[in-house]
Amino acid sequence: MKTIVFAGFFAACSVSLGDTSAQTVGAYVVPRRADDVAWENDKIAFRVYGPALMNSAEDSGVDVWCKRIETPVVLKWYEKEFSREGSYHEDTGEGYDPYKVGGSRGCGGTGIWYEGDFYTSNVYRAVRIDDSRDDMVLISLDYEYDIAGEKLYEQKEISLRKGSYLCGARSHFSGSEKVLRDMKVSVGLVPQSTKATAMAGGGCLTLWDEIDGYWLATGVQLLGGFREGSIQFQQGATLQGDYLATIDLEDNTLDFAFGFAWERHSDFTSIQDWHEYVFNW
(Lines give C-alpha, C1' and ligand atoms only; values in the text may rest on other atoms or scores of the structure.)
Protein backbone atom coordinates (compact mmCIF):
# COMPACT_ATOMS: atom_id res chain seq x y z
CA MET A 1 0.00 0.00 0.00
CA LYS A 2 1.29 3.47 -0.85
CA THR A 3 -0.15 6.59 0.69
CA ILE A 4 0.75 10.16 -0.24
CA VAL A 5 -0.53 12.94 1.98
CA PHE A 6 -0.07 16.68 1.68
CA ALA A 7 -0.92 19.08 4.50
CA GLY A 8 -0.44 22.81 4.57
CA PHE A 9 -1.34 25.78 6.69
CA PHE A 10 -4.57 26.32 4.78
CA ALA A 11 -5.70 22.79 3.97
CA ALA A 12 -5.08 19.23 5.00
CA CYS A 13 -6.11 15.96 3.48
CA SER A 14 -5.49 12.33 4.32
CA VAL A 15 -6.14 8.92 2.83
CA SER A 16 -7.69 6.00 4.70
CA LEU A 17 -4.98 3.61 5.79
CA GLY A 18 -7.24 0.60 6.19
CA ASP A 19 -6.49 -2.31 8.51
CA THR A 20 -3.00 -2.02 10.00
CA SER A 21 -3.18 -4.99 12.37
CA ALA A 22 -0.90 -7.17 10.23
CA GLN A 23 1.76 -4.49 9.70
CA THR A 24 5.02 -4.22 11.63
CA VAL A 25 5.88 -0.76 10.28
CA GLY A 26 3.52 2.08 9.47
CA ALA A 27 3.09 5.84 9.22
CA TYR A 28 -0.06 7.88 9.65
CA VAL A 29 -1.38 11.43 9.38
CA VAL A 30 -3.92 12.16 12.10
CA PRO A 31 -5.95 15.33 11.34
CA ARG A 32 -8.20 14.70 14.40
CA ARG A 33 -5.14 15.11 16.64
CA ALA A 34 -3.97 18.48 15.31
CA ASP A 35 -2.42 17.07 12.11
CA ASP A 36 0.07 14.83 13.91
CA VAL A 37 2.31 12.61 11.80
CA ALA A 38 3.24 9.39 13.60
CA TRP A 39 5.24 6.32 12.59
CA GLU A 40 6.27 3.05 14.22
CA ASN A 41 7.90 -0.33 13.85
CA ASP A 42 7.90 -3.33 16.18
CA LYS A 43 10.24 -1.60 18.67
CA ILE A 44 9.58 2.13 18.78
CA ALA A 45 7.18 4.90 17.73
CA PHE A 46 7.49 8.64 17.01
CA ARG A 47 5.38 11.63 16.14
CA VAL A 48 5.87 15.18 14.91
CA TYR A 49 3.49 18.10 15.07
CA GLY A 50 1.43 19.61 12.28
CA PRO A 51 -0.14 22.84 10.99
CA ALA A 52 -2.96 22.90 13.55
CA LEU A 53 -0.32 23.59 16.23
CA MET A 54 1.56 26.36 14.41
CA ASN A 55 0.71 28.82 17.23
CA SER A 56 1.52 26.45 20.10
CA ALA A 57 4.68 25.75 22.07
CA GLU A 58 5.36 22.66 19.93
CA ASP A 59 7.31 23.10 16.73
CA SER A 60 9.66 20.72 14.89
CA GLY A 61 10.80 18.63 17.87
CA VAL A 62 10.35 14.85 17.65
CA ASP A 63 8.20 13.04 20.22
CA VAL A 64 8.76 9.40 21.22
CA TRP A 65 6.11 6.86 22.19
CA CYS A 66 7.26 3.97 24.37
CA LYS A 67 5.87 0.66 23.13
CA ARG A 68 5.87 -2.58 25.15
CA ILE A 69 4.56 -4.83 22.36
CA GLU A 70 5.67 -5.57 18.79
CA THR A 71 2.30 -5.08 17.10
CA PRO A 72 1.08 -1.63 15.94
CA VAL A 73 -0.22 0.69 18.65
CA VAL A 74 -0.32 4.21 17.24
CA LEU A 75 -3.78 4.27 15.68
CA LYS A 76 -5.18 2.24 18.56
CA TRP A 77 -3.84 4.74 21.09
CA TYR A 78 -5.20 7.70 19.16
CA GLU A 79 -8.62 6.04 18.97
CA LYS A 80 -8.53 5.45 22.72
CA GLU A 81 -7.92 9.16 23.18
CA PHE A 82 -10.65 10.19 20.73
CA SER A 83 -13.24 7.89 22.29
CA ARG A 84 -12.30 9.06 25.80
CA GLU A 85 -11.86 5.45 26.86
CA GLY A 86 -8.39 6.27 28.09
CA SER A 87 -5.26 8.23 27.27
CA TYR A 88 -2.06 7.44 25.44
CA HIS A 89 -0.30 9.19 28.32
CA GLU A 90 -1.25 6.25 30.58
CA ASP A 91 0.35 2.81 30.34
CA THR A 92 -2.28 0.06 30.51
CA GLY A 93 0.01 -2.73 29.34
CA GLU A 94 1.03 -1.74 25.80
CA GLY A 95 3.13 1.33 26.63
CA TYR A 96 2.42 5.06 26.54
CA ASP A 97 3.68 8.55 25.70
CA PRO A 98 5.53 9.93 28.73
CA TYR A 99 8.03 12.03 26.75
CA LYS A 100 7.98 15.83 27.03
CA VAL A 101 8.93 17.82 23.93
CA GLY A 102 7.41 21.33 23.96
CA GLY A 103 9.75 23.65 22.08
CA SER A 104 12.80 21.38 22.50
CA ARG A 105 14.42 19.26 19.79
CA GLY A 106 12.94 16.15 21.44
CA CYS A 107 14.63 13.05 20.04
CA GLY A 108 16.51 13.97 16.86
CA GLY A 109 14.97 17.29 15.90
CA THR A 110 17.12 19.76 13.97
CA GLY A 111 17.99 23.42 14.46
CA ILE A 112 20.19 26.14 12.96
CA TRP A 113 22.93 28.29 14.50
CA TYR A 114 23.36 31.61 12.72
CA GLU A 115 25.30 34.64 13.95
CA GLY A 116 25.33 33.28 17.49
CA ASP A 117 21.59 32.60 17.75
CA PHE A 118 19.77 29.26 17.65
CA TYR A 119 16.73 28.95 15.36
CA THR A 120 14.11 26.23 15.01
CA SER A 121 11.43 25.82 12.39
CA ASN A 122 7.75 25.75 13.15
CA VAL A 123 5.62 22.61 12.64
CA TYR A 124 5.82 20.78 9.32
CA ARG A 125 4.22 22.41 6.27
CA ALA A 126 3.85 19.32 4.09
CA VAL A 127 4.24 15.57 4.47
CA ARG A 128 4.55 12.64 2.07
CA ILE A 129 4.38 9.01 3.18
CA ASP A 130 5.39 5.83 1.36
CA ASP A 131 4.51 2.64 3.22
CA SER A 132 4.49 0.38 0.16
CA ARG A 133 7.10 -1.95 1.70
CA ASP A 134 6.31 -4.43 4.46
CA ASP A 135 9.60 -3.89 6.32
CA MET A 136 10.18 -0.13 6.02
CA VAL A 137 8.29 3.14 5.97
CA LEU A 138 9.42 6.42 4.40
CA ILE A 139 8.29 9.88 5.53
CA SER A 140 9.21 13.22 3.96
CA LEU A 141 8.53 16.41 5.91
CA ASP A 142 8.91 20.03 4.77
CA TYR A 143 9.86 22.73 7.28
CA GLU A 144 10.38 26.49 7.01
CA TYR A 145 12.69 28.71 9.10
CA ASP A 146 12.63 32.47 9.63
CA ILE A 147 16.25 33.39 10.33
CA ALA A 148 17.21 37.04 10.82
CA GLY A 149 14.70 38.11 8.17
CA GLU A 150 15.75 35.36 5.76
CA LYS A 151 13.87 32.22 4.70
CA LEU A 152 15.42 28.77 4.96
CA TYR A 153 13.73 25.51 3.97
CA GLU A 154 14.39 21.98 5.18
CA GLN A 155 13.17 18.81 3.51
CA LYS A 156 13.63 15.96 5.94
CA GLU A 157 13.43 12.38 4.69
CA ILE A 158 13.04 9.73 7.39
CA SER A 159 13.10 5.95 7.10
CA LEU A 160 12.32 3.33 9.74
CA ARG A 161 12.93 -0.38 9.24
CA LYS A 162 11.49 -3.32 11.10
CA GLY A 163 13.57 -4.27 14.13
CA SER A 164 15.57 -1.04 14.33
CA TYR A 165 15.83 1.32 17.29
CA LEU A 166 16.99 4.14 14.99
CA CYS A 167 15.50 6.04 12.07
CA GLY A 168 17.68 7.02 9.14
CA ALA A 169 17.32 10.66 8.12
CA ARG A 170 18.48 13.10 5.46
CA SER A 171 17.87 16.84 5.80
CA HIS A 172 18.40 19.04 2.75
CA PHE A 173 18.47 22.81 3.27
CA SER A 174 17.71 25.46 0.67
CA GLY A 175 16.71 29.13 0.52
CA SER A 176 18.77 32.11 1.64
CA GLU A 177 22.31 31.85 0.28
CA LYS A 178 23.44 34.23 3.02
CA VAL A 179 22.24 31.86 5.75
CA LEU A 180 23.38 28.71 3.95
CA ARG A 181 26.90 30.11 3.66
CA ASP A 182 27.41 30.81 7.38
CA MET A 183 25.05 28.55 9.31
CA LYS A 184 25.74 25.49 11.44
CA VAL A 185 23.23 22.64 11.80
CA SER A 186 22.41 20.87 15.06
CA VAL A 187 20.62 17.62 15.86
CA GLY A 188 19.36 17.48 19.43
CA LEU A 189 18.23 15.35 22.35
CA VAL A 190 16.31 16.75 25.30
CA PRO A 191 16.78 15.16 28.75
CA GLN A 192 13.68 14.05 30.61
CA SER A 193 15.10 14.05 34.13
CA THR A 194 17.97 15.33 36.26
CA LYS A 195 19.39 11.78 36.17
CA ALA A 196 20.30 11.95 32.47
CA THR A 197 23.90 11.15 31.58
CA ALA A 198 25.48 11.78 28.20
CA MET A 199 28.17 10.17 26.06
CA ALA A 200 29.65 11.78 22.95
CA GLY A 201 32.21 10.57 20.44
CA GLY A 202 32.64 8.91 17.09
CA GLY A 203 29.99 11.16 15.57
CA CYS A 204 27.43 9.96 18.14
CA LEU A 205 25.60 11.68 20.97
CA THR A 206 23.64 9.48 23.38
CA LEU A 207 21.66 10.03 26.59
CA TRP A 208 20.82 7.50 29.31
CA ASP A 209 17.81 8.94 31.09
CA GLU A 210 14.88 7.95 33.28
CA ILE A 211 11.11 8.33 32.99
CA ASP A 212 8.68 7.06 35.64
CA GLY A 213 11.28 4.76 37.17
CA TYR A 214 12.46 3.08 33.94
CA TRP A 215 15.49 4.01 31.86
CA LEU A 216 15.08 5.64 28.46
CA ALA A 217 18.03 5.85 26.06
CA THR A 218 18.06 8.33 23.17
CA GLY A 219 20.71 8.93 20.54
CA VAL A 220 21.79 10.56 17.31
CA GLN A 221 24.54 9.61 14.88
CA LEU A 222 26.01 11.98 12.29
CA LEU A 223 26.60 9.95 9.13
CA GLY A 224 27.67 12.30 6.34
CA GLY A 225 27.48 15.66 4.62
CA PHE A 226 29.55 17.64 7.15
CA ARG A 227 33.06 19.04 7.10
CA GLU A 228 35.68 16.85 8.69
CA GLY A 229 36.60 18.00 12.18
CA SER A 230 33.57 20.30 12.51
CA ILE A 231 31.55 18.22 15.01
CA GLN A 232 30.85 19.98 18.30
CA PHE A 233 28.89 18.49 21.20
CA GLN A 234 27.03 20.99 23.37
CA GLN A 235 25.29 20.35 26.70
CA GLY A 236 22.24 22.38 27.70
CA ALA A 237 22.79 24.67 24.71
CA THR A 238 19.17 25.87 24.34
CA LEU A 239 16.53 27.32 26.64
CA GLN A 240 14.93 23.87 26.77
CA GLY A 241 18.19 22.23 27.88
CA ASP A 242 18.86 20.30 24.67
CA TYR A 243 22.09 18.41 24.14
CA LEU A 244 23.26 19.17 20.60
CA ALA A 245 25.54 17.65 18.00
CA THR A 246 26.50 20.60 15.78
CA ILE A 247 28.32 20.60 12.43
CA ASP A 248 29.27 22.63 9.36
CA LEU A 249 27.63 21.29 6.21
CA GLU A 250 29.55 20.60 3.01
CA ASP A 251 26.72 20.63 0.46
CA ASN A 252 23.58 21.71 2.39
CA THR A 253 22.59 18.09 3.08
CA LEU A 254 23.07 16.17 6.33
CA ASP A 255 22.71 12.40 6.74
CA PHE A 256 22.08 11.23 10.29
CA ALA A 257 20.21 8.73 12.43
CA PHE A 258 18.11 9.21 15.56
CA GLY A 259 16.15 7.00 17.88
CA PHE A 260 15.62 5.53 21.30
CA ALA A 261 15.18 2.41 23.39
CA TRP A 262 13.11 1.86 26.51
CA GLU A 263 13.77 -0.50 29.40
CA ARG A 264 10.42 -2.27 29.03
CA HIS A 265 10.96 -3.20 25.37
CA SER A 266 14.70 -3.69 24.77
CA ASP A 267 17.75 -5.51 26.14
CA PHE A 268 20.30 -2.70 26.49
CA THR A 269 21.95 -2.58 29.91
CA SER A 270 24.05 0.61 29.99
CA ILE A 271 24.85 3.84 28.16
CA GLN A 272 27.99 2.14 26.83
CA ASP A 273 25.89 -0.66 25.38
CA TRP A 274 23.47 1.82 23.83
CA HIS A 275 26.23 4.10 22.51
CA GLU A 276 27.89 1.15 20.78
CA TYR A 277 24.60 0.27 19.10
CA VAL A 278 24.14 3.82 17.83
CA PHE A 279 27.77 4.00 16.67
CA ASN A 280 27.55 0.72 14.76
CA TRP A 281 24.13 1.32 13.20
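Start your tour by selecting alanine 38, which sits in strand S2 (residues 36–40). Strands here are DSSP runs of E with at least two residues, helices are runs of H or I with at least four, and both are numbered from the N terminus. The model is predicted, so local features need pLDDT of at least 70 and side-chain atom pairs count only at pLDDT 80 or more, while totals for chains, interfaces and linings use all residues. Residues are numbered from 1 along each chain as its sequence is written, and side-chain values use heavy atoms, with hydrogens and water left out.

**Around alanine 38**

Is alanine 38 buried or exposed? Alanine 38 counts as buried because its relative accessibility is 0%. Buried means under 20% relative accessible area, exposed means over 50%, and partly exposed is in between, using a 1.4 Å probe and protein chains only.

Now show its contacts, meaning heavy atoms within 4.5 Å. Not counting residues up to four places away in sequence, alanine 38 touches Gly26, Ala27, Tyr28, Phe46, Arg47, Val74 and Tyr78.

Next, select Trp39, Phe46, Ile139 and Phe258. Within the largest nonpolar core, which has 71 residues, these four touch the most other members. Strand S18 (residues 253–262) gives the most to this core, with seven residues. Another core, of ten residues, lies apart from it and includes Tyr28, Ala45, Val74 and Tyr78. A nonpolar core is a set of buried Ala, Val, Leu, Ile, Met, Phe, Trp, Tyr and Cys residues joined through side-chain atoms within 4.5 Å.

Zoom in on tryptophan 39. Leaving aside neighbours within four places in sequence, the contacts of tryptophan 39 include Ile139, Ile158, Leu160, Cys167 and Phe258.

Select helix H1 (residues 74–82), where Val74, Trp77, Tyr78 and Lys80 are buried. They lie on the same side of H1 because they cover an arc of only 155° around the axis; the arc is that of the directions from the helix axis to the C-beta atoms. The buried residues of H1 pack against strand S1 (26–30), S2, strand S3 (45–48), strand S4 (63–67) and strand S5 (95–96). Just after H1, look for arginine 84, with a positive phi of about 65°.

Then move to helix H3 (residues 271–280) and pick out its buried residues, Ile271, Trp274, His275 and Val278. These fall within an arc of 100° seen down the axis of H3, so they line one face of the helix. Among the strands they pack against are S11, strand S13 (197–201) and S18.

**Two loop residues**

In the loop between S1 and S2, find aspartate 35. Aspartate 35 has a positive phi of about 70° although it is not a glycine, and it is buried, with a relative accessible area of 10%. In the loop between S9 and S10, click on alanine 148. Its phi is positive too, near 50°, and alanine 148 counts as partly exposed at 47% relative accessibility.

**Last stop: a pocket**

Which residues lie nearest the centre of the second largest pocket? Of the 18 residues that line this pocket, they are Leu138, Ile139, Glu157, Ile158 and Ser159. On a 1 Å grid over the protein atoms alone, a pocket is an open set of points where a 1.4 Å probe fits, with protein on both sides within 12 Å along at least five of seven lines; lining residues have an atom within 4 Å of a point. S10 gives the most to the lining, with five residues.
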